[in-house]
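Good morning, colleagues. Please look at the sequence and the structure on the screen.

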Amino acid sequence: MSVWAVIVAAGRGERLGLDRPKAFANLCARPLLAESLQRLEASDWIDSIVVAAPPDWEEPVILLAEELGCGKVVEAVTGGTTRAASVRAALDKVSEDAAVILVHDAARPIVPEEVIERLLTALNEGWDGAVPVLPLPDTVKRIEGDRVVETVDREGLAMAQTPQAFVATALREAVASGGDEASDCSAQVEGLGGRVKAVAGDPRLLKVTVPADLELVASWL
Ligand code: CTP
Ligand code: MG
């Protein structure tokens, strides 16, 4: 069974507010992307990797992969204007032989091997997809303008992380069907009626969004 990983790294990182895309933000003297790239390269579960790069950053991505000795990286494609479009562009370069495709945000540098194992175990159990989730730590409110209109029951709610793993055919079908506003691939697969299992996530999979997140993740390395 061939397992491919797609790393979506094509976002602009507007909330980080740097002079370069988030994937090239400085994390412990390396580009942020280096961390997830190296971890997926080292994973026993992953056979090949495709990266969706920001426009004009395809070459730096390939150079980075070479510098890190990431021989599993087969291509850096130009990402799209939405995350879903970036996934679609990368999927074009994923081999038809791939049975399983993992999609990961470059914005989450630390990828624990145990999470990948939990995801792939779920697919072996027959699920179409699997996502790592964490419980919500805070009380959740629904607001309209600045008025709190409801306190939402946290029971049954979870925060979804990446990597997310899918049976390749299920992911390809979901991504081809549109839904480009989806903020993760699972939403697209769920939208087509796919069965997605929630597995235990990991706090280290924190998504770097604002500058303070970079410092926090750096302190964990
Ligand atoms: N992403 C992508 N292509 C896009 C938008 C996002 O590949 N057009 C990727 C990002 O590179 C990131 C992941 O999707 O790894 C999650 O997106 P997010 O954290 O929102 O990153 P950015 O869009 O780069 O950040 P911001 O929203 O602050 O601009
Ligand atoms: Mg974004």
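Which of the 18 residues around ligand 1 come nearest? They are Val8, Gly13, Glu14, Arg15 and Ser86. Before I go further, please bear in mind that this is a predicted model.

Let us consider the setting of the ligand. The shell of residues around ligand 1 is made up of seven charged, six polar and five nonpolar residues.

I turn now to individual contacts. On the side-chain side, Lys207 places a polar atom 3.0 Å from an oxygen atom of ligand 1. The backbone contributes as well: a polar backbone atom of Ala106 is 3.2 Å from an oxygen atom of the ligand, and a backbone N or O atom of Thr81 lies 3.4 Å from a nitrogen atom of ligand 1. As for the surface of the ligand, ligand 1 taken alone exposes 560 Å², of which the protein buries 86%.

My second topic is the strand pair. In which sense do strands β8 and β9 pair, parallel or antiparallel? Strand β8, residues 140-144, and strand β9, residues 147-152, are antiparallel, and five bridges join them. To take one residue, Arg142 has Glu150 in β9 as its bridge partner. Between the two strands of this hairpin there are two residues. In that hairpin, Gly145 adopts a positive phi near 65 degrees.

That concludes my presentation, and I welcome your comments.

Methods. Residues are numbered from 1 along each chain as its sequence is written. Chains are lettered from A and ligands numbered from 1 in the order in which they are written. This is a predicted model: local features need pLDDT of at least 70, side-chain atom pairs count only at pLDDT 80 or more; totals for chains, interfaces and linings use all residues. Side-chain values use heavy atoms; hydrogens and water are left out. A residue is near a molecule or strand if one of its heavy atoms lies within 4 Å of it. A polar contact is a pair of N or O atoms within 3.5 Å; within protein, one must be able to donate a hydrogen and the other to accept it, and residues adjacent in sequence count only if both atoms are side-chain atoms. Accessible areas come from the Shrake-Rupley method with a 1.4 Å probe; for residues, only the protein chains shown count as cover. Ala, Val, Leu, Ile, Met, Phe, Trp, Tyr, Cys and Pro count as nonpolar, Asp, Glu, Lys and Arg as charged, and the others, Gly among them, as polar. Two strands pair if DSSP finds at least two bridges between them. Helices (H or I, at least four residues) and strands (E, at least two) are DSSP runs, numbered from the N terminus.
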